[in-house]
Amino acid sequence: MLAETDIIPDSQGEVDQETGEIFYREKIEKPNTPTFSKACELISRDISAYFKENVDVYEHIPAYSSGTIISDFKNIKNLKENTVDVALGVRSTVYLENEDYQNFIVDMSRKLSKDGIYIDDNVRENFGRRYRVKELKEIEKNCSTEIFVLMGPGVANEDESCGDVFPMALVMTNSSEKLQHIQENLRIGWKIVPLSEVLEQKLLKVA
Ligand SMILES: C[S@@+](CC[C@H](N)C(=O)[O-])C[C@H]1O[C@@H](n2cnc3c(N)ncnc32)[C@H](O)[C@@H]1O
């Protein structure tokens with residue numbers, strides 16, 4: 001397969017507005033060099049000669065620098081309280097759902113240091129299918145910080161037109177200075193509002 005494959009699907013797909021089906025854009029990724037072709041050929045001929053079972057490859061390659069923790073998001077509960085200065089989530093914690101998601105957000109609020117800040121796009125589910133606004137309002141009751149929402153122009157062909165702006169990311173912090181800093185550096189067309197204000201806007205698909 002490896003020797004024969006030329007096209008690798010992109011991770012970004014597009015939603016068919018009528019059926020909801022996701023179409024993956026395809027893009028050619030395979031480098032067109034003799035060395036790469038040779039490597040593919042050798043590996044595909046006998047993969048077991050190159051990869052051993054039950055071996056943790058991270059022990060052999062410097063894939064992450066010291067101080068980096070690789071773990072399940074759910075393990076954030078094991079961190080000490082008030083220790084996280086900055087946390088950023090990009091297209092990742094949105095995969096946590098229901099109780100896992102609720103616990104994660106509450107845990108994160110408690111792990112933030114006094115002026116710590118957490119920004120994450122998990123308020124908007126992939127392809128703008130749903131915004132976790134009502135759910136977050138419930139979660140906020142158990143959090144040690146207020147939740148704000150970054151509202152911005154949606155993604156073309158994904159967010160349905162039900163206003164000018166859509167919930168794109170959440171912000172948690174107790175630092176008014178940091179909130180002001182965000183406010184002053186927003187792109188045109190974006191705004192940051194308390195979660196409760198988003199609910200008042202009666203957006204479609206809010207859950
Ligand atoms: C769509 S990718 C986004 C990666 C990167 N943030 C980006 O924007 O390119 C989703 C990532 O979330 C990670 N992920 C999903 N659920 C996770 C969990 N419970 N704990 C840790 N990582 C998780 C996946 O392994 C994957 O790397």
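1. Strand β6 is largely enclosed by the rest of the structure, because seven of its eight residues are buried. Here a residue is buried if 20 or more other C-beta atoms lie within 10 Å of its own, exposed if 12 or fewer, and partly exposed in between, with C-beta atoms placed from the backbone. Helices (H or I, at least four residues) and strands (E, at least two) are DSSP runs, numbered from the N terminus.

2. On provenance, this is a predicted model, in which local features need pLDDT of at least 70 and side-chain atom pairs count only at pLDDT 80 or more, while totals for chains, interfaces and linings use all residues. Residues are numbered from 1 along each chain as its sequence is written.

3. The sheet is open and has five strands in the order β3-β4-β6-β5-β7, with mixed pairing, where two strands pair if DSSP finds at least two bridges between them. Its edge strands are β3 (84–89) and β7 (191–194), each of which pairs on one side only. Neighbouring strands of this sheet are turned by 20° against each other on average, direction ignored; axes are lines fitted to C-alpha atoms, for helices over the stretch in contact, and angles run from 0 to 180 degrees between N-to-C directions.

4. Helix α2 (residues 98–111) packs on this sheet and touches β3, β4 and β6, its direction making about 145° with that of β4. Contact between two residues requires their C-beta atoms, placed from the backbone, to lie within 7 Å.

5. Strands β4 (residues 112–120) and β6 (residues 166–173) run antiparallel and are joined by four bridges. Within this pairing, D120 has L170 as its bridge partner in β6, and I117 is partnered by T173 of β6.

6. Strand β5 is mostly covered, since six of its six residues are buried. I147, V149 and M151 point one way from the strand, whereas F148, L150 and G152 point the other way. Six bridges join β5 to β6 in an antiparallel arrangement, with V149 opposite L170 and M151 opposite P167. Strand β5 also pairs with β7 in the antiparallel sense, over four bridges, and there M151 stands opposite K191.

7. The largest nonpolar core has 23 residues, of which V123, V149, L170, V171, M172 and L195 touch the most other members; such a core is a set of buried Ala, Val, Leu, Ile, Met, Phe, Trp, Tyr and Cys residues joined through C-beta atoms within 7 Å. At least two residues of this core come from each of α2, β4, α3, β5 (147–152), β6 and α5 (195–200). Leaving aside residues up to four places away in sequence, L195 touches V133, L136, K137, E140, I147, F148 and V149.

8. Two backbone angles deserve a check. N82, in the loop between α1 (34–45) and β3, has a positive phi of about 55° although it is not a glycine, and counts as partly exposed because it has 13 C-beta neighbours inside 10 Å. F127, in the loop between β4 and α3 (133–140), likewise is not a glycine and has a positive phi of about 65°; with 16 C-beta neighbours inside 10 Å, F127 counts as partly exposed.

9. Around the ligand are D72, F73, K74, V90, R91, S92, Y95 and L96, a residue being near a molecule or strand if its C-beta atom, placed from the backbone, lies within 6 Å of it. This shell divides into four nonpolar, one polar and three charged residues, where Ala, Val, Leu, Ile, Met, Phe, Trp, Tyr, Cys and Pro count as nonpolar, Asp, Glu, Lys and Arg as charged, and the others, Gly among them, as polar.
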